[in-house]
Amino acid sequence: MLDAFVTVVVILACIGVVCAMAAARVVKQYERGVVFRLGRLRSDVRGPGFTMIAPAFDRLRKVNMQIVTMPVPAQEGITRDNVTVRVDAVVYFKVVDPAEAIVAVEDYRFAVSQMAQTSLRSIIGKSDLDDLLSNREKLNQGLELMIDSPAVGWGVHIDRVEIKDVSLPETMKRSMARQAEADRERRARVINADAELQASKKLAEAAAQMAETPSALQLRLLQTVMAVAAEKNSTLVLPIPVELLRFLERGQQPQEAARADGGSAREPAGEPVSAGRGASAPEAAPPAPGVPTLTEREPEREPEHEPERAVER
């Protein structure tokens, strides 16, 4: 009789141990437990640590409360200024209400992923290319609001949304590179022109100062010669005053004017005409320099008794 009682106690103890093992649950620090009793949600959410449930009636589902990093697949779309781009992003979210995350939506991860993709395509269509490249903070905030609005009812909080990369066509990249190069060249030319203007003003002031003291110009010239000679090269500097060049230019102008007047006084030589009394002799060519003309020569004397010659026709 005693043996039978001991056997029953051992069996009951074993059954109790098995039931305790089936009812025991451990919830980790970053998790929360949602209990369903006969399919009905229990209001109490189990916190981290050891907890017990009814093995045959309760079902415990653990929900991760950590921040989830979810990459959004690259979405291809056309911007508002008709440029085809390919944009990918990343979403950071966490569960704030475990019961709603289990009951309100079938799979909150998949729901957040699909909402992020559709919101990203919508943002691409509403934005310009310049906004996607330079004004990402504003787009990130708008994208976060678009995803967070429906996610609030799922017990999920969108912590942050970031646009990772914007892929452009090769033709658009080349066009933007040419535009940036032209803009840099324009700025360089403006800066160079501004520098030339400032330098010209300073040179004008220096010239006015040197005009008052001519010795300053000579000192400046000597400084230039010393700067060239300090390099120990074979360059020979011969400074020529500008006044000397102007004097030579003024002396050359009268000579050119005299040559122009002498050329216009000459007449072009005509065709030779047969000599005779009724015909005028052709004009003589201008005498060469140094040769006496006919007017300077002594007149030839005709013979006193020379008979006249008849002119034959």
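**View 1. Helices H3 and H5 cross at roughly 140° in this predicted model.** Their axes come within 10 Å, with H3 spanning residues 108-126 and H5 spanning residues 136-151. Angles over 145 degrees would count as roughly antiparallel, so H3 and H5 are oblique to each other. The crossing of H3 over H5 is right-handed.

**View 2. Side of H3 that meets H5.** H3 supplies Met 115, Ala 116, Ser 119, Leu 120, Ser 122 and Ile 123. From H5 come Leu 139, Gly 142, Leu 143, Met 146, Ile 147 and Pro 150. By class, this contact of H3 with H5 holds 9 nonpolar residues, 3 polar and no charged ones.

**View 3. Helix H6 packs against helix H7 at an angle of about 120°.** H6 covers residues 170-212 and H7 covers residues 214-229, and their axes lie 4 Å apart. Met 210, Ala 211 and Glu 212 make the contact on the H6 side, with Pro 214, Ala 216, Leu 217 and Arg 220 on the H7 side. The contact of H6 with H7 divides into 5 nonpolar, no polar and 2 charged residues.

View 4. Among the elements, strand E7 (residues 84-95) has the highest mean pLDDT, 92. The lowest mean, 71, belongs to helix H8 (residues 242-265).

How values were computed: Residues numbered from 1 in each chain as written. Predicted model: local features only at pLDDT ≥ 70, side-chain atom pairs only at ≥ 80, totals over all residues. Heavy atoms only, no water. pLDDT = per-residue confidence, 0-100. Helix = DSSP H or I, 4+ residues; strand = E, 2+ residues; numbered from the N terminus. Axes fitted to C-alpha atoms, helices over the stretch in contact; angles between N-to-C directions. Contact = heavy atoms within 4.5 Å. Nonpolar A, V, L, I, M, F, W, Y, C, P; charged D, E, K, R; others polar. Parallel < 35°, antiparallel > 145°, perpendicular 65-115°, else oblique. Left-handed = near helix turned anticlockwise from the far one by under 90°.
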